[in-house]
Amino acid sequence: IGKFGNEEISDICGYAELPDGKVLSGTEAGKLLLWDGGLIKLVITKPENRPCHDGNIEIITLDLESRKIITAGLDGYIKTWDFVRINEVEAGE
């Protein structure tokens, strides 16, 4: 459990380590957090700051062959995200 910057306290249920050492984790609120060196580099949401999932993100997997991040949440959905876009984005983009 932790509070980092403007992010609310949240348990982390699912996470994946990326090849460059960054970590992608899910929150109870359905957001994805990209960690770099122990700090949150990026909070990932859908447009209009909507959560990626409705509720906990339980599973996060990286498929390097398809260059996709796959997430599964308690909302019953499995979603894919562009690995390159997430890994290379700079804060504020």
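# Close-up views

**View 1. Strands β2 and β3 form a hairpin, with five residues between them.** In the turn, G30 has a positive phi of about 85 degrees. The model is predicted; local features need pLDDT of at least 70, side-chain atom pairs count only at pLDDT 80 or more, and totals for chains, interfaces and linings use all residues. Residues are numbered from 1 along each chain as its sequence is written, and side-chain values use heavy atoms, with hydrogens and water left out. Strands are DSSP E runs of at least two residues, helices are H or I runs of at least four, and both are numbered from the N terminus. Four bridges join β2 to β3 in the antiparallel sense. Two strands count as paired if DSSP finds at least two bridges between them.

**View 2. T27 lies in the loop between β2 (23-26) and β3.** Is T27 buried or exposed? T27 is buried, at a relative accessible area of 6%. The term buried means under 20% relative accessible area, exposed means over 50%, and partly exposed lies in between (1.4 Å probe, protein chains only). The T27 side chain reaches the backbone nitrogen of A29 at 3.2 Å. The cut-off for a polar contact is a pair of N or O atoms within 3.5 Å; within protein, one must be able to donate a hydrogen and the other to accept it, and residues adjacent in sequence count only if both atoms are side-chain atoms.

**View 3. The four-stranded sheet is open and antiparallel, in the order β1-β2-β3-β4.** β1 (15-17) and β4 are the edge strands; each has a single partner strand, so one side of each has no neighbour in the sheet. From one strand to the next, the twist averages 20 degrees. Axes are lines fitted to C-alpha atoms, for helices over the stretch in contact, and angles run from 0 to 180 degrees between N-to-C directions.

**View 4. β1 and β2 make a hairpin with five residues between them.** G21 sits in the turn with a positive phi of about 95 degrees. The two strands run antiparallel and are joined by three bridges. Y15 stands opposite S25 in β2.

**View 5. β3 and β4 pair antiparallel over five bridges.** Two residues separate the strands of this hairpin, and G37 takes a positive phi near 65 degrees. W35 faces I40 of β4 across the pairing. L34 stands opposite L42, also in β4. Four of the five residues of β3 are buried, so the strand is largely enclosed by the rest of the structure.

**View 6. The three-stranded sheet is open and antiparallel, in the order β5-β6-β7.** β5 and β7 (78-82) are its edge strands, each pairing on one side only. With direction ignored, neighbouring strands are turned by 25 degrees against each other on average. Six bridges join β5 to the antiparallel strand β6 (residues 68-73). T61 has I70 in β6 as its bridge partner.

**View 7. The largest nonpolar core has 15 residues.** Such a core is a set of buried Ala, Val, Leu, Ile, Met, Phe, Trp, Tyr and Cys residues joined through side-chain atoms within 4.5 Å. Which residues have the most contacts inside it? They are L24, L32, I44, I60 and I69. The elements giving two or more residues to this core are β3 (32-36), β4 (39-44), β5 (57-63) and α1 (83-88). Neighbours within four places in sequence aside, L32 is in contact with L24, S25, G26, L42, V43, I44, C52, I57, I60, T71 and W81. A contact means heavy atoms within 4.5 Å.

**View 8. The whole chain has one helix and seven strands.** Along the sequence, the pattern reads β-β-β-β-β-β-β-α. Of its 93 residues, 37% count as buried. Among contacts with a separation of 6 or more, 33% link residues 24 or more positions apart. The chain exposes about 5800 Å², and carbon and sulfur atoms supply 50% of that area. Accessible areas come from the Shrake-Rupley method with a 1.4 Å probe; for residues, only the protein chains shown count as cover.
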